[in-house]
Structures are given as C-alpha cells and as structure tokens.
Amino acid sequence: MPIQAPQWTDFLACPVCCNGFDIKTRHPISLGCAHTVCKSCLSNLPKKQCPFDQNLINIEIDQLPTNYALLQLVGASIPNIENIPKSMIKNMSSDERLLYNKSKKCVEHLALYLKSFATGGGQSTSAGLSRPMQRKLVTLVNCQLLENEGRMRAIRAARSLGERSMTELILHHQSAQQLSTNLWAAVRARGCQFLGPAMQEEVLKLVLLALEDGSALSRKVLVMFVVQRLEPHFPQASKTSIGHVVQLLYRASCFKVSKRDGDNSLMQLKEEF
C-alpha cells in the first residue's frame, strides 16, 4: 500500500525512514517518478516499486545513480564521473551522454540556490528565492534524468521554474499602482463597474494581497478574506457586495480557474496582473 508523500520542505531527508541523507549509507536516489529515497531504504523494499505511487522501478537498485544535486547540500563533493549505470551506457549515443552530463551539471548548479534554505532550517529566503520558486526548484532537483519519464518531468519542472522566474521579475519591477491600474483596465475593458467607489481600491489591494504569491483560493475563501479585512474600515462591506466584485473580476478574465470535482473551483490571479 502506498505511504503518504513527504512535505516538499523535507527534501534533505529520506521520506521512508525520516533520516537525513548522508555520504555514507543514505545516498539520495531519485526515481523516474521524481520521488527520492535513500539507498538503504530502496535496498530493503519488498517490491521494486516506488513506495509512494507504486510505479515500477525499471533499473536495478544498485545501478540507480546517486542524486548529487541533493547530496552536495549536506556537505558531499560531486565526483568527476558520469554517474551512468554501465547497463545503460551501451544504449546511449555519445550525444545523449553529452546532453545528460550537461543537464546533470545544470541541475546541480541550480540546487545550490537551496543551500541557505537547507542550512537555515527552512526559514531562509534561499538566496532571495520566494517560496514558490523554492518549491519548483525542489521539484526539478528530484527529477531523475536517465529514464524518459524522469526527463519529461524535468522538462515540465524547468519550464514551470522559468515561467515563475519571469513572472517574479516582472512583478519586482512593476509597482503596486501599475498592478492596480492593470486590474482596473481589465475590468473596464469588459464594461464592468464596482459597487461603492470608496471601497474599490481597498478591494483590489486585498485581492492582490491574497493572490500575489500565486495562491489558488476558492471564491468563498477569497470573499471572506476581503470582507474580514475591510470590516474595520468599511462596516457596510458584505459577502454579497464583495462576492459581486470578485465575480466582476472573474468576468474581466483576471483569474485562472481550476475545476475540482465535487468542490469549489480554485482561482489564481493571472500572471500579467
């Protein structure tokens, strides 16, 4: 039976035995499904399956490469070797081996941005990285590049990391006033108007505050957040009026909406806002 997946912040500990990775017996081994387990626990698995999602492990346990991108964060040095199982070298062309080694070096270099987060007990900003950036980088570092499934996951993770980097760069150089102006422009372009002009700027600021870090919230949670923050200054604020404002923003295409079966949809602020 699958066991519960670990929290992403515990990326330097084996999620099976909960011991930290080390350079002796607990080398981190990333599987094609992007879960990472120490070599000691992998060797003792009853079946050659990932303990989290039950995906089959297609490479012999003792042939799986060590994840040096993670191991370097606990003080290990990266050896100057290819780190490719002998059984797989014969099936790889020289170009594939070259690309693999370049990709591996790139991921190992990017992983160093997590070092301050790792040594700070999860409290550091990790060289200025936001929490969403840290999480996306952890996802990339846990991808295994030897198997096709792992490479596809790495491509998606790298793309997501790049998109988030550009979004944060734009937000960093865009003032709060510009963000507010952009939201207003989107609303007016659809012919929508807010109820109660005195509240409009405060409502926009609170919507930005709730969603600016990429959070995905249901309409109900977003409305309650805004109402609770507004009430001390605008006693007339109600769930109905704020719900109408959120609906206008939705009609103005300001949100990305994720559908959930049998539950409320989640809304994220679009990157341009």
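1. Quick reminder before the helix pairs: axes here are lines fitted to C-alpha atoms, for helices over the stretch in contact, and angles run from 0 to 180 degrees between N-to-C directions. Helices (H or I, at least four residues) are DSSP runs, numbered from the N terminus. Bear in mind that this is a predicted model, where local features need pLDDT of at least 70, side-chain atom pairs count only at pLDDT 80 or more, and totals for chains, interfaces and linings use all residues. Residues are numbered from 1 along each chain as its sequence is written, and side-chain values use heavy atoms, with hydrogens and water left out.

2. Start with H10 (residues 219-230) and H11 (residues 239-251): their axes cross at roughly 125° and come within 9 Å. The two are therefore oblique to each other (under 35 degrees is roughly parallel, over 145 roughly antiparallel, 65 to 115 roughly perpendicular, and the rest oblique). The crossing is right-handed, that is, the near helix is turned clockwise from the far one by less than a right angle, with anticlockwise being left-handed.

3. Who touches whom there? From H10 come Arg-219, Leu-222, Val-223, Met-224, Val-226, Val-227 and Leu-230, and from H11 Lys-239, Ile-242, Gly-243, His-244, Val-246 and Gln-247, with contact meaning heavy atoms within 4.5 Å. That contact splits into eight nonpolar, three polar and two charged residues (Ala, Val, Leu, Ile, Met, Phe, Trp, Tyr, Cys and Pro are nonpolar, Asp, Glu, Lys and Arg charged, and the others, Gly among them, polar).

4. Next, H6 (residues 131-141) against H7 (residues 148-172): the angle is about 160° and the axes are 9 Å apart, so the pair is roughly antiparallel. Their crossing is left-handed. On the H6 side the contact includes Pro-132, Met-133 and Leu-137, and on the H7 side Ala-154, Ala-157 and Arg-164 are among the residues involved. By class, the H6 contact with H7 has eight nonpolar, three polar and three charged residues.

5. H6 also packs on H4, at about 145° with the axes 10 Å apart, again in a left-handed crossing. Val-107, Leu-110 and Ala-111 of H4 meet Leu-137, Leu-140 and Val-141 of H6. This contact has six nonpolar residues, no polar and no charged ones.

6. On to the inside. There is one cavity of 30 Å³ or more, a cavity being a set of points, on a 1 Å grid over the protein atoms alone, where a 1.4 Å probe fits but cannot get out. The largest cavity holds about 180 Å³, the volume being the space filled by probe spheres set on the points, which are joined across faces, edges and corners.

7. Its lining has 16 residues, with Thr-66, Asn-67, Lys-104, Cys-143 and Leu-145 nearest the centre (lining residues have an atom within 4 Å of a point). Helices H2 (68-71) and H4 (94-111) each give two or more residues to this lining, and H4 gives the most, with four. The lining of the largest cavity divides into nine nonpolar, five polar and two charged residues.

Conventions. 1 Å grid on protein atoms, 1.4 Å probe; cavity = no way out; pocket = protein on both sides within 12 Å on 5 of 7 lines; lining within 4 Å.
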